[in-house]
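Subject: Handover of a structure

Dear colleague,

Please find the structure below, together with its sequence.

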Amino acid sequence: MKIGRIGFLLVLSVLCAAPSAAQDAVPAAQALLEQFDEMYRSTGTAARIEIKVERPNKVRTMQMRSWSQGEDKALVVIDAPARDAGTATLRVGSNLWNYLPKISRTIRVPPALMMGAWMGSDLTNDDLVRESSYAHDYEIARISPSEEPPGWQVDLAAKPGVPGLWERVEVVFERTEQLPVLARYYDRKGRLSRTMQLEEIKEMGDRRIPTRIVIVPEREEGRRTVLTYLHVEFDVELDESLFSLAQLERRR
């Protein structure tokens with residue numbers, strides 16, 4: 001069968017346009033958010049983490065181990081520096097406790113303080129134990145192309161009646177693997193409060209994840225917190241007793 005010049009050019013234009021159209025297809029925003037929520041979660045996750053708290057006149061570095069089980073259990077224990085060693089944070093369901101070895105006390109953190117700073121860093125208690133959910137605690141306002149950085153931006157608004165959340169969040173997902181690379185958080189007055197950069201996407205524990213998270217607060221020159229995953233294992237078997245208050249206090 002012969003194809004005329006005009007027909008040939010038409011076929012060629014369709015073939016050339018097809019990859020571009022597929023590449024520019026708008027992804028499902030809900031699916032992106034669920035992927036963000038589940039990025040570091042599994043039936044049992046174990047990790048070694050380094051956190052650097054940078055201030056204008058000093059840098060403080062902490063080494064820690066963390067364990068989590070599903071969506072509602074998490075434990076973080078600081079190993080270094082020596083003055084903070086043994087400090088631990090435990091989450092079970094909606095309950096959160098901090099164990100302070102210097103005074104041998106366990107303190108319950110009320111829900112209203114989930115957005116409070118953890119250990120003098122720019123991380124919140126919620127960042128550390130991931131209680132809130134992007135997919136379930138926020139409403140999707142829109143999804144649109146992002147130029148800087150390139151990808152898809154999902155705009156979120158906090159659902160009414162859910163305590164302690166940011167008023168608005170903007171999350172940018174890169175186009176290739178659709179992993180989050182940037183998040184902007186706005187306070188209850190609508191002001192940009194901080195920016196989170198998710199960097200150095202690597203394979204760890206059979207998953208592709210951002211291994212470096214940089215949190216930069218607004219209106220505070222020279223401050224930032226850098227969280228680096230040194231090692232992560234997913235779907236490991238963890239003892240249920242690990243996530244108990246008795247086990248937390250026994251660490252003293």
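Among contacts in the protein chain between residues at least 6 apart in sequence, what percentage join residues at least 24 apart? The share is 46%. Please note that the model is predicted.

The protein chain has 252 residues, and 45% of them count as buried. Its accessible surface is about 13400 Å²; carbon and sulfur atoms account for 53% of that area. The secondary structure of the chain consists of 5 helices and 13 strands.

Strand S1 covers residues 45–55 and strand S2 covers residues 58–69. The two are paired in the antiparallel sense, with 11 bridges between them. They form a hairpin in which 2 residues lie between the strands. Within this pairing, valine 53 is found opposite arginine 60 of S2.

Strand S2 also pairs with strand S3, which spans residues 73–80. These strands likewise run antiparallel and are joined by 7 bridges. Here serine 66 has valine 76 of S3 opposite it. S2 and S3 form a hairpin too, with 3 residues between the strands. In that hairpin, glycine 70 adopts a positive phi near 65°.

In summary, S2 is paired with S1 over 11 bridges and with S3 over 7 bridges.

Yours sincerely

Notes:
Residues are numbered from 1 along each chain as its sequence is written. This is a predicted model: local features need pLDDT of at least 70, side-chain atom pairs count only at pLDDT 80 or more; totals for chains, interfaces and linings use all residues. Side-chain values use heavy atoms; hydrogens and water are left out. Helices (H or I, at least four residues) and strands (E, at least two) are DSSP runs, numbered from the N terminus. Buried means under 20% relative accessible area, exposed over 50%, partly exposed in between (1.4 Å probe, protein chains only). Contact means heavy atoms within 4.5 Å. Accessible areas come from the Shrake-Rupley method with a 1.4 Å probe; for residues, only the protein chains shown count as cover. Two strands pair if DSSP finds at least two bridges between them.
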